[in-house]
Amino acid sequence: MKVTTTVAVFAAGSLAAPNRRAAAAACSSAVNLDASTNVWKNYKLHANTFYRSEVEKAVEAISDSSLKAQAAKVADVGSFLWIDTIENIAKVEPAIADTPCEDILGLVIYDLPGRDCAAKASNGELAYNEISRYKSEYIDPIVAILKKNPNTAFALLIEPDSLPNLVTNADLSTCQESKSAYEEGVAYALKNLNLPNVVMYIDAGHGGWLGWDANLDPGAEELAKVYKNAGSPKQGPEPRRVLQGLGRQVQQLPEREDVRAKFGAALKSAGHPSYAIMDTGRNAVTGLRKEWGDWCNVDGAGFGKRPTADTGDSNTDAFVWGKPGGESDGTSDSGATRYDSFCGKDDAYKPAPEAGTWNQAYFEMLLKNASPQF
Ligand code: BGC
């Protein structure tokens with residue numbers, strides 16, 4: 001399952017980047033993110049070593065020289081690092097050591113009990129009734145690491161797909177079982193990760209999910225409920241920016257950009273901050289999905305806008321790369337335990353490996369279809 005991670009990957013990557021480590025060592029003062037401002041105006045999303053080494057391997061596998069040169073540039077794009085298992089918490093400290101002072105390290109918090117309750121591709125390691133393990137073996141150790149590194153800035157994307165699933169898939173017994181652990185787990189994460197050097201965004205799915213008129217208010221109310229249960233985390237006089245992040249499957253967001261504004265307004269009236277970041281990692285090409293809900297390895301997709309705080313919308317803090325482009329959404333092997341039928345649909349790219357593992361052909365497709373081009 002999952003991302004292929006080895007100590008060697010980190011070692012190779014960090015050896016290749018001695019200057020970055022030196023820069024990190026030079027961060028001499030504690031980071032205090034001003035919750036009343038857009039922190040992305042002051043920090044750049046870090047191009048982490050994990051994605052860099054995936055991309056560097058991909059570059060080696062390309063023979064066409066102009067495509068190769070384009071591919072090499074992807075390694076410098078900032079993206080979020082997914083902490084999708086307890087074991088992968090080990091990725092965090094090497095990533096911190098590699099983060100220059102002017103960068104913000106993006107981490108995805110993704111290990112809820114009963115994870116991915118409406119699909120099979122990303123079912124997690126914890127069962128729906130293992131909330132105490134989630135707290136003590138997953139969130140608490142991450143909190144300890146972030147506290148130990150007060151001079152580094154972090155952006156956290158909290159539990160992709162989880163709260164949206166409680167709204168739109170409430171009829172599934174798996175989501176019913178997971179409901180209390182999702183709500184308690186996300187509230188616990190928000191409360192305990194609310195540190196001066198951290199900004200958090202709660203995942204809110206994508207425009208073709210909570211974006212439907214009938215889902216906007218229930219979706220906003222669900223996020224606001226959990227946010228309030230976490231004590232409406234604040235820092236200083238302003239509400240802390242515990243925000244809406246539009247999720248990883250936003251390949252076609254431009255067609256429904258109105259959704260951000262509408263969902264933001266619904267959040268505001270439900271008592272939740274309305275600022276957002278958007279995942280533009282794979283949304284360059286529109287009109288590809290046969291149905292709005294199709295989420296698995298959308299065929300024909302391309303890398304979208306690079307991370308920037310220049311979004312043209314004061315409620316959208318930044319465009320980011322959330323899902324690392326090239327890592328699969330799920331396997332297309334219908335015999336696999338984690339096979340989800342969405343990954344076998346006509347508009348899903350095939351063949352595709354297990355969720356989180358590298359798909360070279362998909363990466364090359366994203367590159368060829370990139371807008372702007374590399
Ligand atoms: C997978 C994770 C992976 C993430 C990023 C998810 O779909 O379940 O294992 O880390 O995607 O690629």
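This is a predicted model: local features need pLDDT of at least 70, side-chain atom pairs count only at pLDDT 80 or more; totals for chains, interfaces and linings use all residues.
Figure 1. Residues are numbered from 1 along each chain as its sequence is written, and side-chain values use heavy atoms, with hydrogens and water left out. On a 1 Å grid over the protein atoms alone, a cavity is a set of points where a 1.4 Å probe fits but cannot get out, and lining residues have an atom within 4 Å of a point. Points are joined across faces, edges and corners, and the volume is the space filled by probe spheres set on them. Eleven residues line the second largest cavity, and F50, L81, W82, P324 and E327 lie nearest its centre. Two or more lining residues come from each of α3 (49-60) and β2 (81-83), with α3 giving the largest share, three residues. Helices (H or I, at least four residues) and strands (E, at least two) are DSSP runs numbered from the N terminus. By class, this lining has seven nonpolar, one polar and three charged residues. Here Ala, Val, Leu, Ile, Met, Phe, Trp, Tyr, Cys and Pro count as nonpolar, Asp, Glu, Lys and Arg as charged, and the others, Gly among them, as polar. The model holds five cavities of 30 Å³ or more.

**Figure 2. The largest pocket has a volume of about 320 Å³.** Of its 20 lining residues, N165, N169, W209, G293 and W295 are the closest to the centre. The lining divides into five nonpolar, seven polar and eight charged residues.

**Figure 3. D116 and D161 are listed by UniProt, in an unreviewed entry, under "active site".** The two are spread over 46 residues of sequence yet cluster in space, with a largest C-alpha distance of 7.1 Å. Both D116 and D161 belong to the lining of the largest pocket. Look for D116 in the loop between β3 (103-109) and α6 (131-148). Bear in mind that UniProt annotations may be inferred rather than shown by experiment.

**Figure 4. Helix α4 (residues 65-74) and helix α11 (residues 360-368) cross at roughly 95°, their axes coming within 10 Å.** The two helices are therefore roughly perpendicular to each other, a label for angles of 65 to 115 degrees. Axes are lines fitted to C-alpha atoms over the stretch in contact, and angles run from 0 to 180 degrees between N-to-C directions. L67, Q70, A71 and V74 in α4 meet F363, E364, L367 and K368 in α11, where contact means heavy atoms within 4.5 Å. These residues comprise five nonpolar, one polar and two charged.

**Figure 5. Some backbone details: a cis peptide bond joins K350 and P351, with omega about -5°.** P351 sits in the loop between β10 (316-320) and α11. Another cis peptide bond joins S371 and P372, with omega about 0°, and P372 lies in the segment after α11. E159, a residue other than glycine, has a positive phi near 45°; its place is in the loop between β4 (153-158) and α7 (162-168).

Technical notes: Angles under 35 degrees count as roughly parallel, over 145 as roughly antiparallel, 65 to 115 as roughly perpendicular and the rest as oblique. On a 1 Å grid over the protein atoms alone, a cavity is a set of points where a 1.4 Å probe fits but cannot get out, and a pocket is an open set with protein on both sides within 12 Å along at least five of seven lines; lining residues have an atom within 4 Å of a point.
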